[in-house]
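Here's a quick walk through this structure, one region at a time. Keep the 3D view open as you read.

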Amino acid sequence: KIYEDPNEIPSLDSYDYVIVGGGLTGSVVASRLTENSNTSVLLLEAGGSHQGVYYIEVPGLQNFTGPGTIYNWNYTSVPQVNLLNNTIPAPRGHVLGGSSSINGMWYTRGSSADYDRWANVTGDQGWLWDELQTYFEKSESFTSPVDGHNTSGQYDPTLHGTQGPLQVTVGGYSQSLDQLVMGRLDEQFPFIEDYDDGEPIGFGWTQTTIGNGSRSSAATAYLDNYLNRTNLDIAVNSLVTRISASNGSSIDTVTLTANGIPINVRARVEVLLAAGVFNTPHILLNSGIGDATELSAMNIPVVHNLPSVGKNLTEQPAVSNLWNTSSPVPAAEAEAAYEQALAQWNSTRTGRMVLAISNTVGFARMNMSNLEVEALVEQYGELAPGPASPHFELLPTVNAFDAEANFANAEFIFDTVNLVPYSRGTVTLDPTNLMGDPLIDYNFYSAPQDILVMRQAILGALSFVSTPDWQEFLADPVSPLFAAVVGEYPNVSNTTMDAYIRASTTISFHAVGSCSMSPAGADWGVVDPDFHVKGVKGLRIIDTSIMPFAPAGHSQAAAYVIAERAADIIKASN
Ligand SMILES: Cc1cc2nc3c(=O)[nH]c(=O)nc-3n(C[C@H](O)[C@H](O)[C@H](O)COP(=O)(O)OP(=O)(O)OC[C@H]3O[C@@H](n4cnc5c(N)ncnc54)[C@H](O)[C@@H]3O)c2cc1C
């Protein structure tokens, strides 16, 4: 049952597990643990319920859950010294389902080498790609797209689950852009049938967490069908501020506030933190678990000295390369198309609104015979975790209706993403307002190789659009800085390129790693591979903050796998 008012939580001391954060990972673990009718769970979510929220349900309306809405924590980074001191958004879902209720719905697993690296770094073979296949499959139900088109050759069914809760599909609405992209492919930009095969190099058909034309989130997939379980209680509008040990030794108490009044809930077995990459460290630090010197400087009593809390924040920098097109859609036509698409979705759950962003996406490696890349590799070594792991992503999108209706003032957007960032940032408390927004520092481009990869990604995008078909489709670059880059292509000077990159870099929405896993017993990291917080009893972290490295793709597929594995490990250990 979902309790809208935390004052109505039926019991404050009888749940086996209290899960903090009803987002992607929290929802999965709550659902899996309560499959055992003898295990009781209280899931606490700061935001409201996802149920009946139109903007969450309709894939094409995802921009309406962006910053400035109640579905979002609306965080912003601190000024980024390597980005001309620009601040960058740090959105996260503030609603049941968490960021899976507001995300772009891309489903990409990354490369096998990403997970093998997790296994190597943590010393736990359970994180190997081969070992995790069972969890990818368990979480997923690949479904047919709503336009009923023939999907043969658009994904490999042998790689996907068919019985899991989360619905995944390929795009259910075709666009003329699809053929422009697919018609461009060649040796340099090859076709890949299914980029979830562990070696994602090439352009393929986008997979998204959508079923029957609607968003499939952790909340719709893992909670909605199980709300009648008597051993699962969910309280929304419940902002958790601290965790503590009532007897001084094992964490068992979660403090939340309901309309400013504190309520303590006690867990009989364990407290599970799933508040996400920004808020899990925020709660830990406010609970006295973190770097002792930093905590003392803020007058927070130290409960456990764990210096890595809030460190290792990892985000893949992205640049949106924006063009106008040679045949823009007149505004009135675009508006009519928008109204028509909404009406169609309302009546049949089909049409443009079933499409998340675009139907195609590419993953690529740098050209190793390019002299600049050779020098880069000589200086920094191979940046990807394996030879079949990509360095950057190319993501082509046409603005659905018209430039003004969408987030970017452009008709064609070619996103370039550095998938192998080495810069590490931090999440810390604001000393002037400990309970206020965390200070988020992505620290972009502090590792010098990161901007070099971004240069190659943008050159890759420009090479992609250099053919006659694409040149006919595209008109002017939107910004003067990008126009300068395009004007100098193919011999773009580093000065021109870097001026553009530093002015234009933003996030790819895949922040992870602020409470990293490390080997059991290591003197760095925050959690052991079995999710236990190091040196603290009664507490595990089960969210994306534990990733030691970001996978070379979007983060949600990996998040589902982390949560599925966490649920199994917790079930087996208690
Ligand atoms: C705008 C956006 C677009 C994205 N697009 C994609 C995409 O297309 N593909 C992809 O793979 N990934 C995408 N992601 C990333 C992906 O959604 C996240 O990696 C994933 O949801 C993280 O899971 P999580 O459980 O760690 O955190 P979340 O899903 O963010 O869940 C954390 C939950 O904890 C709650 N919470 C936080 N603090 C408290 C507190 N103090 N008390 C109570 N509750 C609290 C939050 O409200 C939230 O519900 C996107 C993310 C965003 C924000």
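## The two annotated histidines

Setting aside neighbours within four places in sequence, His 554 is in contact with Trp 106, Thr 108 and His 510. Bear in mind that this is a predicted model. As for where to find His 554, look in the loop between β26 and α15. Is His 554 buried or exposed? With 26 other C-beta atoms within 10 Å, His 554 is buried.

An unreviewed UniProt entry puts the feature "active site" at His 510 and His 554. The two span 45 residues in sequence, yet no two of their C-alpha atoms are more than 6.2 Å apart, so they gather at one spot.

## The whole chain

Time to zoom out. The protein has 15 helices and 26 strands. Its radius of gyration is 23 Å, close to the 25 Å the globule rule gives for 574 residues, so the protein is as compact as a globular protein of that length. Along the principal axes, the C-alpha trace spans about 70 × 55 × 45 Å.

How much of the protein is buried? Buried residues account for 54% of the 574. Sequence separation is worth a look as well: of the contacts between residues at least 6 apart in sequence, 73% join residues at least 24 apart.

## The annotated domain

UniProt, again in an unreviewed entry, places "domain: Glucose-methanol-choline oxidoreductase N-terminal" at residues 15-317. That span, residues 15-317, is 21% helix and 22% strand, and its end C-alpha atoms lie 41 Å apart.

## A three-strand sheet

Next up is an open sheet of 3 strands, ordered β6-β7-β9, with mixed pairing. β6 and β9 stand at the edges, each with a single partner strand, so one side of each has no neighbour in the sheet. Strand β6 (residues 140-142) pairs with β7 in the parallel sense over 3 bridges, and Phe 142 stands opposite Val 168 in β7. On the other pairing, β7 and strand β9 (residues 207-208) are antiparallel, over 2 bridges. There, Val 170 has Gln 207 of β9 as its bridge partner.

How well covered is strand β7 (residues 166-170)? Mostly covered: 5 of its 5 residues are buried. In a regular strand, side chains alternate between the two faces of the sheet. In β7, Leu 166, Val 168 and Val 170 point one way while Gln 167 and Thr 169 point the other, and all are buried.

Which strands does β20 pair with? One is strand β19 (residues 360-364), which runs antiparallel to β20 and is joined to it by 3 bridges; here Gly 362 has Leu 394 as its bridge partner. Another is strand β21 (residues 412-418), antiparallel to β20 over 7 bridges. In that pairing, Phe 392 is partnered with Asn 418 of β21.

Finally, a helix pair. Helix α1 (residues 24-33) packs against helix α15 (residues 556-573) at an angle of about 35°, with the axes 9 Å apart. The crossing of α1 past α15 is right-handed.

From α1, the contact is made by Leu 24, Thr 25, Val 28, Val 29, Arg 32 and Leu 33. The α15 side brings a list that includes Gln 556, Ala 559, Tyr 560, Ile 562, Ala 563 and Glu 564. Further along α15, Ala 566, Ala 567, Ile 570 and Lys 571 take part as well.

Methods. Residues numbered from 1 in each chain as written. Predicted model: local features only at pLDDT ≥ 70, side-chain atom pairs only at ≥ 80, totals over all residues. Buried ≥ 20, exposed ≤ 12 C-beta atoms within 10 Å, placed from the backbone. Helix = DSSP H or I, 4+ residues; strand = E, 2+ residues; numbered from the N terminus. Pairing = 2+ DSSP bridges. UniProt positions renumbered as here; feature names shortened; annotations may be inferred. Rg over C-alpha atoms; globule rule 2.2 N^0.38 Å. Contact = placed C-beta atoms within 7 Å. Axes fitted to C-alpha atoms, helices over the stretch in contact; angles between N-to-C directions. Left-handed = near helix turned anticlockwise from the far one by under 90°.
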